Amino acid sequence: MVLHLAGLKKLTSLFLKTKPYLLVVTRFLPLHKINLPGIKILTYHGICPDELFNEKWIPSHFVKLSEFGKQMEYISKYFKPISLKEAIRALKSRRFSSKMVVITFDDGYANNFHLALPVLQKLGIPTTIFLTIRYIEKQDLFPFDKIRLLKYWGVKGISMTAYLNNPIIQLDYQLSQIWPKYKHLLTEKQWEILRPLTIEEIKKMKLTGLIDFGAHTHSHCILKNESRETRKKEIAISVKRVKEITGQYEIPFSYPNGQIGDFSEEDILCVKKFCYCAVSGIWGHNDHYTNLFKLRRYPIGLYHSLDIFKLEISGLKRYLCKIRT
């Protein structure tokens, strides 16, 4: 049995006037049988322990450990988890199916090693982690996490807008004027959950045979905010360092933020010189028409209970929202 989205329109429209309709749909329909003819790539960032789930400093793009386990079990049971390299081969050969799913993590949080890896190993799910090398080598928090913590501590004068719309060197300067004054408020627990991977942890993950690594720029700058020369350097240096640290010859790339307008055709041409593919933050699945350097993904975050997760990767969540509007 295969469910097609067009055939679900009448059924799903019955639930649109009530808030719980999303959960009702997931509980009564075999959503894993919905036929979206393309490969699904999921975007994760960090994993947090269940007891920290409600802490306001936990990023919204993290996932609760117990939910991550349920999500991976669901993928393992009803889909075919494959590596990013396998996905590219399948897309090039046009031998892909709607059951193929790729797991990716952006940034390179240490919790990928301590919390996510045991789940992935238990189920044998291959994964690609895109590294932002600068913070890994410096063992410093990512700038967006510093901004989030400063806001949590009630500090004014800097916001996420500063990161999204300014060159990274300008953001570095702003943070250098503010962060040292409040760094003492950082708890050991916050550091352990938000810190980046160490090089030793990366090498241990590589030895499992399940984990591949990719580049995510050197300093996690949003490319649109940088000069042409800086963009090229950010891409080239990040790929070079990932190769040196992991020993991988073939490297994929992930555009920071990765929405339409965050990277240009010139950036894509630069990435093509160094990488075999690139993923974006643009929502959707991938088929043989998809540009291999603009691969789409499904973002997974704190609000993804298993029911919402099922809706998300079926494509039905976005479909229902479109009908409602």
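Modeller: A pocket is an open set of points on a 1 Å grid, with protein on both sides within 12 Å along at least five of seven lines, and its lining residues have an atom within 4 Å of a point. The model discussed here is predicted.

Colleague: With that in mind, which element gives the most to the lining of the second largest pocket?

Modeller: The second largest pocket holds about 160 Å³ of space, and its lining consists of Arg134, Tyr135, Lys138, Asp140, Leu141, Pro143, Lys146, Asp172, Leu175, Ser176, Trp179 and Pro180. Two or more of these residues come from each of helix H6 (133-138), H7 and helix H9 (168-182). The element that gives the most, with five residues, is H9.

Colleague: How many charged residues are there in the lining of the second largest pocket?

Modeller: Asp, Glu, Lys and Arg are the residues that count as charged, and the lining includes Arg134, Lys138 and Asp172. Split by class, this lining has six nonpolar residues and one polar residue, and the number of charged residues is five.

Colleague: Turning to the largest pocket, which residues are the closest to its centre?

Modeller: The largest pocket has a volume of about 580 Å³. Its lining draws at least two residues from each of strand E5 (100-107), helix H7 (143-152), helix H8 (160-165), strand E9 (278-283) and strand E10 (295-299), and it divides by class into eleven nonpolar, eleven polar and four charged residues. Of the 26 lining residues, the closest to the centre are His45, His61, Asp106, Asn257 and Gln259.

Colleague: Is Asn257 buried, partly exposed or exposed?

Modeller: Asn257 sits in the loop between strand E8 (253-254) and helix H13 (265-274), and its phi is positive, at about 65°, although the residue is not a glycine. Buried requires under 20% relative accessible area and exposed requires over 50%. The relative accessible area of Asn257 is 39%, so this residue is partly exposed.

Colleague: And what is the relative accessible area of Arg94?

Modeller: Arg94 also has a positive phi without being a glycine, with a value near 65°, and is placed in the loop between helix H4 (84-93) and E5. Arg94 counts as exposed because its relative accessible area is 57%.

Colleague: Are H5 and H11 roughly parallel, roughly antiparallel, roughly perpendicular or oblique to each other?

Modeller: The axes of helix H5 (residues 111-123) and helix H11 (residues 199-207) come within 10 Å and cross at roughly 25°. Asn112, Phe113, His114 and Leu117 of H5 make the contact with Glu201, Lys204 and Met205 of H11, a set of three nonpolar, two polar and two charged residues. Angles under 35 degrees count as roughly parallel, and H5 and H11 are therefore roughly parallel.

Colleague: What separation do the C-alpha atoms of Ile245 and Lys203 have?

Modeller: Ile245 belongs to helix H12 (residues 228-246) and counts as buried because its relative accessibility is 6%. Beyond its neighbours within four places in sequence, Ile245 contacts Ile133, Glu137, Ile199, Ile202 and Lys203. Although Ile245 and Lys203 are 42 residues apart along the chain, their C-alpha atoms are separated by 7.4 Å.

Colleague: Finally, what is the volume of the largest cavity?

Modeller: A search of the whole structure finds one cavity of 30 Å³ or more. The largest cavity is lined by Arg228, Arg231, Lys232, Glu266, Asp267 and Cys270, with H12 and H13 each supplying at least two of the lining residues. That lining has one nonpolar, no polar and five charged residues, and the volume of the largest cavity is about 40 Å³.

Terms used: Residues numbered from 1 in each chain as written. Predicted model: local features only at pLDDT ≥ 70, side-chain atom pairs only at ≥ 80, totals over all residues. Heavy atoms only, no water. Axes fitted to C-alpha atoms, helices over the stretch in contact; angles between N-to-C directions. Helix = DSSP H or I, 4+ residues; strand = E, 2+ residues; numbered from the N terminus. Parallel < 35°, antiparallel > 145°, perpendicular 65-115°, else oblique. Contact = heavy atoms within 4.5 Å. 1 Å grid on protein atoms, 1.4 Å probe; cavity = no way out; pocket = protein on both sides within 12 Å on 5 of 7 lines; lining within 4 Å. Points joined across faces, edges and corners; volume = space filled by probe spheres on them. Buried < 20%, exposed > 50% of the residue type's maximum accessible area, 1.4 Å probe, protein only.
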